[in-house]
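Here is my note for you to read alongside the structure. Please keep the sequence and the 3D view open and look up each residue as it is named.

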Amino acid sequence: MALERQVRAKIAGKRDLEKDKEAQYWIEEVLGEKFPAGVLYEDALRDGLILCKLINKLEPGAVAKINTSGGQFKMMENINLFQQAIKKYGVPDLDVFQTVDLYEKKDIAQVTSTIFALGRACYKHPEFKGPFLGPKPADECKRNFTEEQLNAGQAIIGLQAGTNKGASQAGQNIGAGRKIILGK
């Protein structure tokens, strides 16, 4: 039981409430509606309705049928549909939270991280005019070198190759030497 408590404490320590607020504000701005008053961030997202509305706002028709009633399996299905839709939208699989992270509130920090990843993916869609969440991802900067340039690089010996014009650390002795005392 102590190990489980340690794991929960570690996961809870990863959570940044400021990032949660920032993600909530972004969702509210994109949807044009506020979260329900008096409801915690994770509780508002738990049934997957807001998340499905969010991806449908970014990519109309991404989630065809949103379950508004039913048991926990219908709500978890909403979360799964959201996850599938954001992967198609361009969020890397590595950045997508597990369903239990949200539904059972096991790792809300990972849920927020996924929302930030979705916000970054929006930069890659020129049809989306904002607001954006998180830093803009770098664009590819491909370089083309000629054979002559590549061959010129072969002749240079870098410092990592083991030479520095004869300089070495031989003879350096900083501080007191190591004393090994036997018999104690």
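Predicted model: local features only at pLDDT ≥ 70, side-chain atom pairs only at ≥ 80, totals over all residues.

In which hand, left-handed or right-handed, does α2 pass α4 in their crossing?

1. Overall make-up. The protein chain has eight helices and zero strands, and so its elements, read from the N terminus on, run α-α-α-α-α-α-α-α. Of the 184 residues in the protein chain, 30% count as buried. Among the contacts between residues at least 6 apart in sequence, 49% join residues that are at least 24 apart.

2. The packing of α2 with α4. To return to the opening question, α2 passes α4 in a left-handed crossing. The two helices pack at an angle of about 55 degrees, and their axes are 10 Å apart; α2 and α4 are therefore oblique to each other. On the α2 side the contact is made by Trp26, Ile27, Val30 and Leu31, which meet Ile50, Lys53, Leu54, Lys57 and Leu58 in α4. Sorted by kind, the residues of this contact are seven nonpolar, no polar and two charged.

3. The packing of α2 with α7. Helix α2, residues 17-31, also meets helix α7, residues 108-121, where the axes come within 10 Å and cross at roughly 45 degrees, which makes α2 oblique to α7. This crossing, too, is left-handed. From α2 the residues Lys19, Asp20, Glu22, Ala23, Trp26 and Ile27 take part, and they meet Ile108, Thr112, Ile115, Phe116, Leu118 and Gly119 in α7. The residues of this contact divide into seven nonpolar, two polar and three charged.

4. In soluble globular proteins, nonpolar side chains tend to be buried together. Here the largest nonpolar core has 38 residues, and those that touch the most other members are Trp26, Ile27, Leu45, Ile55, Leu58, Ile115 and Leu118. At least two residues of this core come from each of α2, α3 (41-45), α4 (49-58), α5 (72-89), α6 (99-103) and α7.

5. Not counting residues up to four places away in sequence, Asp20 touches Arg15, Tyr41, Ile108 and Thr112.

6. Ala109, which has its place in helix α7, counts as buried at 16% relative accessibility. Ala109 and Arg15 are 94 residues apart in sequence, yet their C-alpha atoms are 4.6 Å apart in space. With residues up to four places away in sequence not counted, Ala109 touches Lys14 and Arg15.

7. A backbone angle to check. Most residues other than glycine have a negative phi. Lys105, although it is not a glycine, has a positive phi of about 55 degrees. Lys105 lies in the loop between α6 and α7, and it is partly exposed, with a relative accessible area of 39%.

How values were computed:
Residues numbered from 1 in each chain as written. Heavy atoms only, no water. Axes fitted to C-alpha atoms, helices over the stretch in contact; angles between N-to-C directions. Helix = DSSP H or I, 4+ residues; strand = E, 2+ residues; numbered from the N terminus. Parallel < 35°, antiparallel > 145°, perpendicular 65-115°, else oblique. Left-handed = near helix turned anticlockwise from the far one by under 90°. Contact = heavy atoms within 4.5 Å. Nonpolar A, V, L, I, M, F, W, Y, C, P; charged D, E, K, R; others polar. Core = buried A, V, L, I, M, F, W, Y, C linked by side-chain atoms within 4.5 Å. Buried < 20%, exposed > 50% of the residue type's maximum accessible area, 1.4 Å probe, protein only.
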